[in-house]
Amino acid sequence: MPPLSSTPVYFGNFLVTSQVFHRTAHSFALVNIKPLLPGHVLVSPLRAARRLSDLDQAEVTDLFLTVQQVGKMIERVYGASSLNIAIQDGPAAGQSVPHLHTHIIPRQSADLDAQGGSDAIYGMLEGEDGDVGRHLWESSTKRPKFPAVDDSARKPRTEPAMAEEAQNLALEMTRQHL
């Protein structure tokens, strides 16, 4: 299937058109190159604003309504009972791509007990696991990659795999009762 949008969509400097599964007047939702948990997706403004405070009122409203709509669909599709919704607003907060984005991570009871409990997700977001910018950069360059420490089970996904998930989630968005 072709990408949802014929217009190129950028996340920072990265072309992510084939990863986009939902688009509104001011926002887009995309699958994650290296999800922390299955169903971990991102919602971002179309305009490459770096910080939440850089958005105007229409963009803020659209962003959070999109987060709500996508969150409902992700919760349904992944059988989650809860969601983590997070924004790392600036480099000091752990933002790795200079383009505002909201993480939506489906959660289930006891899903991270082996990693220390449900709050382990915050360390994952802050650490190497959550470094979306680095994973995107590594996937777009032809340089040798060093093996990740304590991360051998989580590999960056291929462009075709992400495009397929984006198509499936786009279909699910059309089934969502908003």
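Which elements cover the buried residues of helix 4? Strand 3 (20–23), strand 4 (27–31), strand 5 (41–45) and helix 1 (57–77) are among them. The views below come back to each of these elements.

**View 1. The whole chain has four helices and seven strands.** This is a predicted model, in which local features need pLDDT of at least 70 and side-chain atom pairs count only at pLDDT 80 or more, while totals for chains, interfaces and linings use all residues. Residues are numbered from 1 along each chain as its sequence is written, and side-chain values use heavy atoms, with hydrogens and water left out. Helices (H or I, at least four residues) and strands (E, at least two) are DSSP runs, numbered from the N terminus. Along the sequence the pattern reads β-β-β-β-β-α-β-β-α-α-α. The chain has 178 residues, and 46% of them count as buried (under 20% relative accessible area, with exposed meaning over 50% and partly exposed in between; 1.4 Å probe, protein chains only). Among contacts (heavy atoms within 4.5 Å) between residues at least 6 apart in sequence, 61% join residues at least 24 apart. The accessible surface of the chain is about 9300 Å², and 55% of that belongs to carbon and sulfur atoms (Shrake-Rupley method, 1.4 Å probe; for residues, only the protein chains shown count as cover).

**View 2. Five strands form an open sheet in the order 3-4-5-7-6, with antiparallel pairing.** Strand 3 and strand 6 (82–87) each have a single partner strand and stand at the edges, so one side of each has no neighbour in the sheet. From one strand to the next, the twist averages 20 degrees (axes are lines fitted to C-alpha atoms, for helices over the stretch in contact, and angles run from 0 to 180 degrees between N-to-C directions). Two strands count as paired if DSSP finds at least two bridges between them. Strand 6 and strand 7 (residues 102–107) run antiparallel and are joined by six bridges. In this pair, I85 stands opposite I104 of strand 7.

View 3. Strand 3 and strand 4 form a hairpin with three residues between them. Three bridges join these two antiparallel strands, and R23 has F28 in strand 4 as its bridge partner. Strand 4 also pairs with strand 5, in the antiparallel sense, over five bridges; here V31 has V41 as its bridge partner. Five of the five residues of strand 4 are buried, so the strand is largely enclosed by the rest of the structure. On one side these are S27, A29 and V31, and on the other F28 and L30.

**View 4. Helix 1 has 21 residues.** From its first C-alpha to its last, helix 1 reaches 30 Å, close to the 30 Å expected at 1.5 Å a residue (the expected span is 1.5 Å times one less than the number of residues). Its buried residues are E59, D62, L63, T66, V67, V70, G71, M73 and I74. These pack against strand 3, strand 4, strand 5, strand 6, strand 7 and helix 4. At the start of helix 1, a side-chain oxygen of D56 comes within 3.1 Å of the backbone nitrogen of A58. After the helix comes G79, with a positive phi near 60 degrees.

**View 5. Helix 4 covers residues 159–175.** The helix has 17 residues and reaches 25 Å from its first C-alpha to its last, close to the 24 Å expected at 1.5 Å a residue. M162, E165, A166, Q167, L169, A170, E172 and M173 are its buried residues. At the N-terminal end, T158 caps the helix, with a side-chain oxygen 3.2 Å from the backbone nitrogen of A161. Such a polar contact is a pair of N or O atoms within 3.5 Å; within protein, one must be able to donate a hydrogen and the other to accept it, and residues adjacent in sequence count only if both atoms are side-chain atoms.

**View 6. T102 belongs to strand 7.** T102 is buried, with a relative accessible area of 0%. Not counting residues up to four places away in sequence, T102 touches V41, L42, V43, L63, V67, I85, A86 and I87.
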